[in-house]
Amino acid sequence: MGRVLSLIAIVVFVWFSLMFGLFIIVKYVLELSIPLSGIVGSVLAGTIRVVAASSIAIFWLILWKKVAEFYFWRNMRKTS
């Protein structure tokens, strides 16, 4: 039963962190504007948005990987 609860906890944690990351992207990253006008301002704002959203996504994936590895190695110690 403990393994099932651990897996459920991982899924819930990942789901909540995904929702939080999506909220941050929608609330702050997409609202980002640069005071430069013209094509330079547009390109710069778009580039910053892509880099910020990609950074959040990569951080989320690394966090998920760390949690899954922790679960895996903890269960490997229990079985051996």
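## W60 and the aromatic pairs

W60 counts as buried because its relative accessibility is 17%; buried means under 20% relative accessible area, exposed over 50%, and partly exposed in between (1.4 Å probe, protein chains only). This is a predicted model, in which local features need pLDDT of at least 70 and side-chain atom pairs count only at pLDDT 80 or more, while totals for chains, interfaces and linings use all residues. Residues are numbered from 1 along each chain as its sequence is written, and side-chain values use heavy atoms, with hydrogens and water left out.

Rings of Phe, Tyr and Trp (its six-membered ring) pair if their centres lie within 6.5 Å; planes under 30 degrees apart count as stacked, over 60 as edge-to-face and the rest as tilted. The count by this rule is three aromatic pairs. One of them is the tilted pair of W60 and W64, with 5.0 Å centre to centre and 50 degrees between the planes. The two residues are separated by about one helical turn because they are four residues apart in helix α2 (residues 38-79). Helices (H or I, at least four residues) are DSSP runs, numbered from the N terminus. W64 is partly exposed, at a relative accessible area of 37%.

F72 and W73 form an edge-to-face pair, 4.9 Å centre to centre with 75 degrees between the planes. F72 is partly exposed at 42% relative accessibility, and W73 is exposed at 51%.

The 28 residues of α1 should span 40 Å at 1.5 Å a residue, and its end C-alpha atoms are 39 Å apart, which agrees. The expected span is 1.5 Å times one less than the number of residues.

The buried residues of α1 are S6, I10, V14, S17, G21 and V29, and they pack against α2. S6 counts as buried because its relative accessibility is 15%. Leaving aside residues up to four places away in sequence, S6 touches Y71 and R74, where contact means heavy atoms within 4.5 Å.

## Nonpolar surface patch

M1, V4, L5, I8, V12, W15, F16, L18, M19 and L22 make a nonpolar surface patch of about 1,000 Å². Patches are made of residues with over 30% relative accessible area and no salt bridge, with nonpolar side chains (Val, Leu, Ile, Met, Phe, Trp, Tyr) joined within 5 Å and like charges within 9 Å. A salt bridge is a side-chain nitrogen of Lys or Arg within 4 Å of a carboxyl oxygen of Asp or Glu. Areas come from the Shrake-Rupley method with a 1.4 Å probe; for residues, only the protein chains shown count as cover.

Among the patch residues, V12 lies in helix α1 (residues 2-29) and counts as partly exposed at 38% relative accessibility.
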